[in-house]
Amino acid sequence: MKESDIHVVMAGLAEAVKQWPSPAVTIVSQREGNPFKVLVSCILSLRTQDRTTGPASERLFALADTPAAMVRLSKDDIEKAIYPVGFYHTKAEQILEICRVLLERYDGRVPDELDELLAFKGVGRKTANLVITLGFGKPGICVDTHVHRICNRWGYIRTKTPEETEFSLRRILPHHYWLVINDYLVTFGQNHCTPVSPRCSTCVLAQWCDRVGVAKHR
């Protein structure tokens, strides 16, 4: 895939993903644009499928939807609300700790700077960038396994880790795609361009994709 092909590819993606539901964290952000809810939903989504993340987020926010309300809950309360998300014991602790720090240092407001978000326990680059883009509408590139895999499969970049992918995309991806690339590729990667059996024969992007690492018969 040539760098110049990205415009037609992104246009094709924008049309293709309309047939599938948006990622769970995106749905949370679209309802209210609340950075705190985006942050908590991102934490819940790690190692957890969307069909579990969405309902777990709703149950938790029905109990507490601000840092001040969250710290009034016990760890057990949070665990019961978010179960069965992956690592729910650890995530309950992380959520409580993040809320304490937000109250102590930020007057209960989620910061909108990447480096400040990365300082929170349990917040990595994926989560921080999602909060920046979905919570605040600021430029950022969130790279999860789908973005990393598909961009390399296209041949648009050649990287070994999601972090390398983020910095490569920051160099070559036009800025007006930064806010949408994660949504598009997570949706596309979950429903069509899957890790093991991508549906290349029916893919609208097949002519631009180098199919790096994909078996020839696909």
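**Exercises on the aromatic pairs and the fold**

Tyr-88 is partly exposed, with a relative accessible area of 22%, where buried means under 20%, exposed over 50% and partly exposed in between, for a 1.4 Å probe and protein chains only. The model is predicted, so that local features need pLDDT of at least 70, side-chain atom pairs count only at pLDDT 80 or more, and totals for chains, interfaces and linings use all residues. Residues are numbered from 1 along each chain as its sequence is written, and side-chain values use heavy atoms, with hydrogens and water left out.

**Exercise 1.** Classify the pair formed by the rings of Tyr-83 and Tyr-88.

*Solution.* Rings of Phe, Tyr and Trp (its six-membered ring) pair if their centres lie within 6.5 Å, and planes under 30 degrees apart count as stacked, over 60 as edge-to-face and the rest as tilted. For Tyr-83 and Tyr-88 the centres are 5.0 Å apart and the planes stand at 80°, so this pair is edge-to-face.

**Exercise 2.** Classify the pair of Tyr-106 and Phe-120, and state which parts the pair ties together.

*Solution.* The ring centres of Tyr-106 and Phe-120 lie 5.9 Å apart with planes at 35°, so the pair is tilted. Tyr-106 sits in the loop between helix H7 (88–105) and helix H8 (114–118), and Phe-120 in the loop between H8 and helix H9 (125–136), so the pair joins parts 14 residues apart in sequence; helices here are DSSP runs (H or I) of at least four residues, numbered from the N terminus. Finally, Tyr-106 is partly exposed at 23% relative accessibility, whereas Phe-120 is buried at 6%.

Key:
Helix = DSSP H or I, 4+ residues; strand = E, 2+ residues; numbered from the N terminus.
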